[in-house]
Amino acid sequence: TEVGSGTGSPLTISLPPLLAPGSYYRLRIISTDISVSTNSESIRVYSKPEASITVSGNAVVCAPTTVSLTAATGEGYTYTWKNSTGTLPNATSQMLAAAQTENYRVEISQNGCINESGPVAVTINPKVQVNLSGAASIYAGQSANLSVSLTAGTLPYQLTLSTGQQFTNSMNNPFTITVSPTTTTTYTITQ
């Protein structure tokens, strides 16, 4: 299929935008002027590599947890990870463990063609510090109040008392837990 012709030097011909990747096209110069050599050159068409990021798990976590980002894979792909301040040093593999709150992008190149993904937002919240207090002596069948206060960190949080009872960010800070142990019990709370 002829995609263009013309006269003059230099001759510029635009190839159609939707050529099949990996196809070869031949450039052939034909002239009636014997001083112009007739030759042909093969041109191989490459497409831009797919540039996408997949988040493994949740994109919002609490430190020191990181968020695993995986770029699209393809033969001959090379990777350059970026955030809002620019290129990340030594971040040239398909996967990135994001450890800071940022918008991350990946630039993928293949055969001289470059494509950049859209941004993926990652949020790394400081870990919530939990204080549990309220030591008390009670008789069997009575109840005691434990006080829980939270410092540092940000929402969301989920806390688990050593009994298995869970508390989420819908609670007030500080808040009180009422317990009714049947034997001497030491309570702990974890995030």
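The model is predicted, so local features are reported only at pLDDT of at least 70 and side-chain atom pairs only at pLDDT 80 or more, while totals for chains, interfaces and linings use all residues. Residues are numbered from 1 along each chain as its sequence is written, and side-chain values use heavy atoms, without hydrogens or water.

The protein chain holds 17 strands and zero helices. Both are DSSP runs numbered from the N terminus, with at least two residues (E) for a strand and at least four (H or I) for a helix. Of the 191 residues in the chain, 26% are buried. Buried denotes a relative accessible area under 20%, exposed over 50%, and partly exposed the range in between, with a 1.4 Å probe and protein chains only. Contacts are defined by heavy atoms within 4.5 Å. Among contacts between residues at least 6 apart in sequence, 48% join residues at least 24 apart.

Three strands form an open sheet in the order β3-β5-β8, with antiparallel pairing. Its edges are β3 (53-56) and β8 (95-98), each of which pairs on one side only. From one strand to the next, the twist averages 25 degrees. Such angles run from 0 to 180 degrees between N-to-C directions, with axes fitted as lines to C-alpha atoms. Strands count as paired if DSSP finds at least two bridges between them. Four bridges link β3 to β5 (residues 67-71) in the antiparallel sense. Within this pairing, V55 has L69 of β5 as its bridge partner.

Strand β11 takes part in two further pairings. Strand β4 (residues 60-62) runs parallel to β11, and three bridges join them. Here V60 is the bridge partner of T123 in β11. The pairing of β9 with β11 is antiparallel and also spans three bridges. In β11, V120 stands opposite Y104.

Which residues have the most contacts inside the largest nonpolar core? They are L69, W81 and I108, in a core of 20 residues. A nonpolar core is a set of buried Ala, Val, Leu, Ile, Met, Phe, Trp, Tyr and Cys residues joined through side-chain atoms within 4.5 Å. Two or more residues come from each of β5, β6 (78-83), β8, β9 (102-110) and β11 (120-125). Another core, of 14 residues, lies apart from it and includes V148, F167, F175 and V179. In soluble globular proteins, nonpolar side chains tend to be buried together.

One aromatic pair is found in the whole structure. The ring centres of Y77 and Y79 lie 6.4 Å apart and the planes meet at 70 degrees, so the pair is edge-to-face. For Phe, Tyr and Trp (its six-membered ring), pairing requires centres within 6.5 Å; planes under 30 degrees apart are stacked, over 60 edge-to-face, and the rest tilted. Y77 and Y79 are both buried.

The structure holds zero disulfides. The criterion is a pair of cysteine sulfur atoms within 2.5 Å. C62 counts as buried because its relative accessibility is 19%. C113 is also buried, at a relative accessible area of 18%.

Most residues other than glycine have a negative phi, and most peptide bonds are trans. The peptide bond between A63 and P64 is cis, with omega of about 10 degrees. P64 is found in the loop between β4 and β5. N90 is not a glycine, yet its phi is positive, at about 60 degrees. The loop that holds N90 lies between β7 (86-87) and β8. With a relative accessible area of 79%, N90 is exposed. N111 likewise has a positive phi, near 55 degrees. This residue lies in the loop between β9 and β10 (113-116). N111 is partly exposed, with a relative accessible area of 48%.

S180 is found in the loop between β16 (175-179) and β17 (189-190). Its relative accessible area is 48%, so S180 is partly exposed. Leaving aside neighbours within four places in sequence, S180 is in contact with Q142 and S143. S180 and S143 are 37 residues apart along the chain, but their C-alpha atoms are separated by 4.4 Å.
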